[in-house]
Structure formats: C-alpha cells, structure tokens
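Here's a quick tour of one model, written for someone who likes to know the cut-offs. Have the viewer open as you read.

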Amino acid sequence: MTPPLQGGTPATQGVSAVRLLREGSRPLIEASVLPARLPSLVVGEEVDARVAERLDGNRLVALIKGNAFTLDLPQNLTVRGDSLHLKVTRLDPTPTFVLLDGNAEAEAAADSSSNVQLSRSAQYLNGLLDAARGRGATGTRESAPALLSSRPDEPETLADGLKQAIGKSGAFYESHLKAWSEGRLPLDALKDEPQARLESGRLQDGAHAARQGAASPELGQLVQRQLDTLENRQLQMPVLAWPGQPAQVTIQEEQVAERDAHHDDASARAWHTRLDLDLPSLGGLSVKLTLLGGAVQVRFAADDADSAALIERHGARLTSGMASAGLDLAQLTVASDARLET
C-alpha cells in the first residue's frame, strides 16, 4: 500500500508523476537491446510490434518497423498474443513504449495488480488523455500542422512562422498566463492560444459541451503535448515549412552536466534545435543547430552524398548569412548517410 500524504491524498513512490499522469495505469515497456541502427521513431508515435521470440526473465524480441528490439516487460505483465500496439513515450536514454489497447489480456493483468491511486485532479487529467486517445482510436484527425511560410525562398517568414507556431502551440500556456498576470503579456495574445480558443468555443456552445463533458479530446491532445515536453525535456512539433513540405522540429535545452557544471547562468546554457525533412531535390535531410550565447554550431546529415557535397560547397553563404544576423558560425559539419542524435 502507498502511504497517504497529509490531507488523505495518495502518494506514489518510485513513479514519475508526469509519466503517471500521462499514461495512467497503462504498463510501460523499455527496450534493453536495440538494433544496430534505430528506425525513425518520434515521441507520441503509435507503432505495431510483432513478437518474434520469447526470452527468459519476462523479455521478448519484437519487430518494430522491421527492426528487432528486446523489450523488458514488467513482472506483472503477461503478453499472450503475437502482436502489440505501442506508443513511443521517450527515446532517451533508451526507447520506452506504453502498451495501448492492442492486448486486452495484458492490460487487465497490469491493471489488476496496480495499487496506484490518483487524486481528483489527476483523474481529471487522465480523463482528458483518455479522450485524446479515444479520438485517435476512432480515426479522427488532429488539427493540421502549422504552416510556416507560403514560399520556400523567404527565410524571414519561415523564421517568424516557426516562432509563432511554437509560441502559440499551447505548450507554454500556463507560463503565458503567469506573464499576463504580471502585466508582461497582453490579453489578446492569450486569446490566440488553443486553450483559450477551446474555452471560448465551449462557452459559445454550452449544450455541445454538456454532451461532451469535461473530457475534451482537443484539450487532451494539448495536455498530452505538454506532458511529453515536460517528461522528455524537449518540444517536438510537426509543421509545414511551406505548402506540401512537412517537417519535424525538435527543440531541447542541453543539460548543464552535459557540458560544464560550473556554468549555471542562462547565458552559458546551450539550446539544440533540430529540423528533419525530405526535400524533393536534396532528399532526406536533418540539421541540428546548437546555440550558446552568440555562437552557433550547425550539423547537417544528408541521405545522399551529392546533397552533402552541395551543402559543403555553399558553407560560406551560410557563414555570411549568419554573420549578417549577428551570429558567429563557430562550427559547420556536414555528413552523408548519418543519423543525428537528438
């Protein structure tokens, strides 16, 4: 049994609060042995796994996107079927999945042995997340990715579009509420965020809201993104760089211990921004930018060697462009057929 906190609120021990809220009682499965080259996986992505071999110690080998992963199952979890429906919950330090509704017997076994109790607030949040999962199960599409620019040859509009998409994604809504309460953000800026728009729509259609109840799928998807960001210490967003050109943006703050524990001021922190996209002429391309003060490190990884050589030939233009923006390109690295670390 878990010891109660003062006031009778149940406590949890040895469990991440963010992960508990995000996944409720659904069992988490970690990968202990990885394939030589990881397939493309994104936090929040749902994948199907086929059981290829069962091992001792409640482990099994499962094929995910054609690659063999050794999965460590919780001791109270029994998988009887030959397929699993999983969702990626984290990639670092090791890929971790949550078991979805693809194996009812396994979920029932896990739920029956769970002694975790949640507060009313946590139950409400779990209701939102269940509503979001239910929307995905019924095939209802999420909102379209943000469009950053109408043309590929306008870097200024691309940069501004990315800033707007991230700032108004809803991931930072609570911090923006705090800024508004302190007089640092106008009310109109809050009204343009998805949470405020959802609330406005709910008030305008009270009957519909009453039928739906408090568990709004749209709000659940926003909460899911916020919890994913908090748990993984990074923000991932699918976007349209320009019409017809999807891309994935990942923004992550470098941990102080990764570089220099002596530098703990804001100016000494490094930020990583990664962009993944598949261009019609250059093919698959990833670029990772690390910003530390006014210095920038840029790493390109191209699927095609000719594309990598083309980027290298035009490296001087990148250096000049950054200099005109007041940035110092401290390092430029270009590689072909290489996977960037997140």
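W180 is partly exposed, with a relative accessible area of 40%; here buried means under 20%, exposed over 50%, and partly exposed in between, using a 1.4 Å probe and protein chains only. You'll find W180 in helix α5, residues 173–181. Helices are DSSP runs of H or I with at least four residues, strands are E runs of at least two, and both are numbered from the N terminus.

Together with L177 and L187, W180 makes a nonpolar surface patch of about 260 Å². Patch members need over 30% relative accessible area and no salt bridge, with nonpolar side chains (Val, Leu, Ile, Met, Phe, Trp, Tyr) joined within 5 Å and like charges within 9 Å. A salt bridge is a Lys or Arg side-chain nitrogen within 4 Å of an Asp or Glu carboxyl oxygen, and the areas are Shrake-Rupley values with a 1.4 Å probe, where only the protein chains shown count as cover for residues.

## Where the numbers come from

This is a predicted model, so to speak of local features takes pLDDT of at least 70, side-chain atom pairs count only at pLDDT 80 or more, and totals for chains, interfaces and linings use all residues. Numbering starts from 1 along each chain as its sequence is written, and side-chain values use heavy atoms, leaving out hydrogens and water.

## An enclosed helix

Helix α9 covers residues 217–232 and reaches 22 Å from first C-alpha to last, close to the 22 Å expected at 1.5 Å a residue (that's 1.5 Å times one less than the number of residues). Of its 16 residues, 12 are buried, so α9 is largely enclosed by the rest of the structure. Among the buried ones are P217, L222, V223 and L227.

## The seven-stranded sheet

The open sheet runs β7-β8-β9-β10-β11-β12-β13, with mixed pairing; two strands pair if DSSP finds at least two bridges between them. β7 (146–147) and β13 (328–336) stand at the edges with a single partner strand each, so one side of each has no neighbour in the sheet.

β8 (234–242) and β9 (245–253) are antiparallel over eight bridges, with L235 partnered by I251. Two residues separate these strands in their hairpin, where G244 takes a positive phi near 80°. β9 also pairs antiparallel with β10 (270–279), over seven bridges, and there T250 has R274 as its partner. Next, 10 bridges join β10 to antiparallel β11 (283–292), with H272 opposite T290.
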